[in-house]
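Colleague: I am new to this structure and would like a close look at a single part, the sheet and what surrounds it. Could you walk me through that part in one go?

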Amino acid sequence: MNLPQIHNVYFIGIGGIGMSALARYFKNIGKNVAGYDKTPTHLTAELEESGIVIHFEDNVSLIDEAFRNKENTLVVITPAVPKQHAEWNYFLDNGFVVKKRAEVLGIITKDTFCFAVAGTHGKTTTSSILGHVLYESGVDMTAFLGGIVENYNSNLIGNGKTVTVVEADEFDRSFLHLHPDIACVTSMDADHLDIYGDKASIEASFIEFANKVADKKQLFVTNGLPIEAVTVGINDDAQFTAKNIRIVDGWYVFDVATPTGELKDIRFGLPGRHNLTNALLALAMAKTYGVSDSDIAKALLSFKGVRRRFSFQIRKPEFVYIDDYAHHPTEINAVHQAVRELYPGKKVLAVFQPHLYSRTRDFADDFAKSLSQFDEILLLDIYPARELPMEGITSEWLLGKIENSNKKLISKEALIPALENSDAPVIVTIGAGDVGEMVPDIRKALEVVKK
């Protein structure tokens with residue numbers, strides 16, 4: 001496929017966070033971009049505001065005539081699209097070039113110097129920090145991200161041609177399409193067992209990805225992972241390690257010991273030890289690439305975070321509302337650690353929307369354990385995403401496993417009134433489903449009652 005010859009790019013599932021970054025990219029370089037998605041969201045509204053035409057009905061007749069020329073049209077699909085999708089089948093039956101998002105990223109990044117960030121947790125934040133550091137340091141780069149970075153209000157940073165930053169997504173083994181020059185692996189926990197089957201298989205896939213980086217001095221891992229690479233850690237024997245960590249006015253302030261010296265008094269605003277590790281991974285990759293210590297420190301100081309990653313919606317002395325995308329027990333534990341570190345002794349109410357029946361089934365006991373740590377739990381119904389219901393796998397079943405008596409199921413309709421009446425000074429909404437679409441309304445309601 002020759003990208004310069006492509007005039008039209010059509011996305012099936014354009015509202016996905018990774019898909020929309022690609023859509024923005026093609027729009028920015030002058031391509032004609034349009035697409036389909038199942039439902040309107042804040043993200044599709046932002047794409048429409050940029051001039052991209054989107055429709056929300058699977059109907060071939062709604063595809064604009066310009067995108068029916070197979071000689072100069074590329075069709076990009078998300079793995080979440082069902083095989084019976086009418087528009088997808090139209091393009092397949094008529095001989096169009098149809099590529100997965102990961103394949104297209106592989107093509108774009110093949111002729112660039114590519115930074116790839118892999119891991120079951122931390123990909124989006126780490127790649128966003130790295131993209132911000134490189135952009136602020138004047139590198140000719142483009143970052144394709146899985147979240148909206150607050151500094152740019154976008155999941156695309158920059159418009160450079162020579163350097164790319166991408167999230168290396170393990171779902172469906174997508175990251176094996178990439179051509180990384182510098183890479184990192186943040187974590188290798190069991191996940192996507194509907195694809196991999198067991199933890200050993202997912203670890204093998206990460207090792208296969210890591211082996212794509214020939215020079216192990218250009219590969220970075222969180223200390224303790226079973227991959228030959230430069231190690232990054234906190235207060236340990238890693239080659240890049242954070243030490244002398246303290247919290248000053250809500251900021252992490254710390255020193256970093258590196259193989260070539262020490263950086264002193266780095267300031268970073270995202271809470272939680274997991275975010276400290278994410279920042280260290282980005283620092284290590286940027287420093288190895290050649291970015292100066294002072295430019296790295298300046299960029300870490302100015303990084304504002306990623307939407308739905310421990311995102312403060314209301315932050316007052318007497319009341320706090322935080323929203324987070326966490327959808328795996330390890331991620332929920334990280335949210336809990338961060339909120340307890342910032343607000344010791346305060347009652348914390350957690351609202352959780354499970355994501356996928358299969359993930360809920362595979363990690364039910366771990367979900368129950370991680371959620372039980374909060375003072376109060378409100379549990380929404382499972383968000384199905386790409387799946388059909390599974391017999392016996394329900395939020396009611398999960399609720400029964402939570403060893404905390406201050407818990408209950410709640411509908412989306414009843415959620416805001418329940419939060420308005422809560423006496424908890426700290427509220428956290430958690431989940432990767434459509435609870436994220438409710439956040440603006442929740443914030444608006446709580447701003448009124450929590451004055």
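Modeller: Happy to! Let me begin with a term: a salt bridge is a side-chain nitrogen of Lys or Arg within 4 Å of a carboxyl oxygen of Asp or Glu. Please keep in mind that this is a predicted model, in which local features need pLDDT of at least 70 and side-chain atom pairs count only at pLDDT 80 or more, while totals for chains, interfaces and linings use all residues. Residues are numbered from 1 along each chain as its sequence is written, and side-chain values use heavy atoms, with hydrogens and water left out.

Now to the sheet itself. Helices (H or I, at least four residues) and strands (E, at least two) are DSSP runs, numbered from the N terminus, and two strands pair if DSSP finds at least two bridges between them. With those terms, 10 strands form an open sheet with mixed pairing, in the order β8-β7-β9-β6-β10-β11-β12-β13-β14-β15. At the edges stand β8 (154-157) and β15 (261-268); each has a single partner strand, so one side of each is left without a neighbour in the sheet. On average, neighbouring strands of this sheet are turned by 20° against each other, direction ignored. In general, strands of a sheet pair through backbone hydrogen bonds, either parallel or antiparallel.

Glu 262 forms a salt bridge with Lys 243, with 2.8 Å between the closest N and O atoms. Since Glu 262 lies in strand β15 and Lys 243 in strand β13, the pair ties together parts that are 19 residues apart in sequence. Glu 262 also meets Lys 264 in a salt bridge (3.5 Å, N to O). How open are these residues? For relative accessible area, buried means under 20%, exposed over 50%, and partly exposed in between (1.4 Å probe, protein chains only). Glu 262 is partly exposed at 38%, Lys 243 is partly exposed at 33%, and Lys 264 is exposed at 53%. Salt bridges that share partners join Lys 243, Asp 255, Glu 262 and Lys 264 into one network. The structure as a whole holds 16 salt bridges. Another of them links Lys 287 and Asp 293, whose closest N and O atoms are 2.7 Å apart; Asp 293 counts as partly exposed, at 30% relative accessibility.

Helices lie across the sheet too. Helix α5 (residues 123-136) lies across β6 (113-118), β7 (141-149), β8, β9 (163-168), β10 (182-185) and β15, and runs at about 140° to β7. Helix α9 (residues 293-302) lies across β14 and β15, at about 20° to β15.

Most residues other than glycine have a negative phi. Arg 308, however, has a positive phi, near 70°, and is buried, with a relative accessible area of 11%.

Methods
Axes are lines fitted to C-alpha atoms, for helices over the stretch in contact, and angles run from 0 to 180 degrees between N-to-C directions. Contact means heavy atoms within 4.5 Å.
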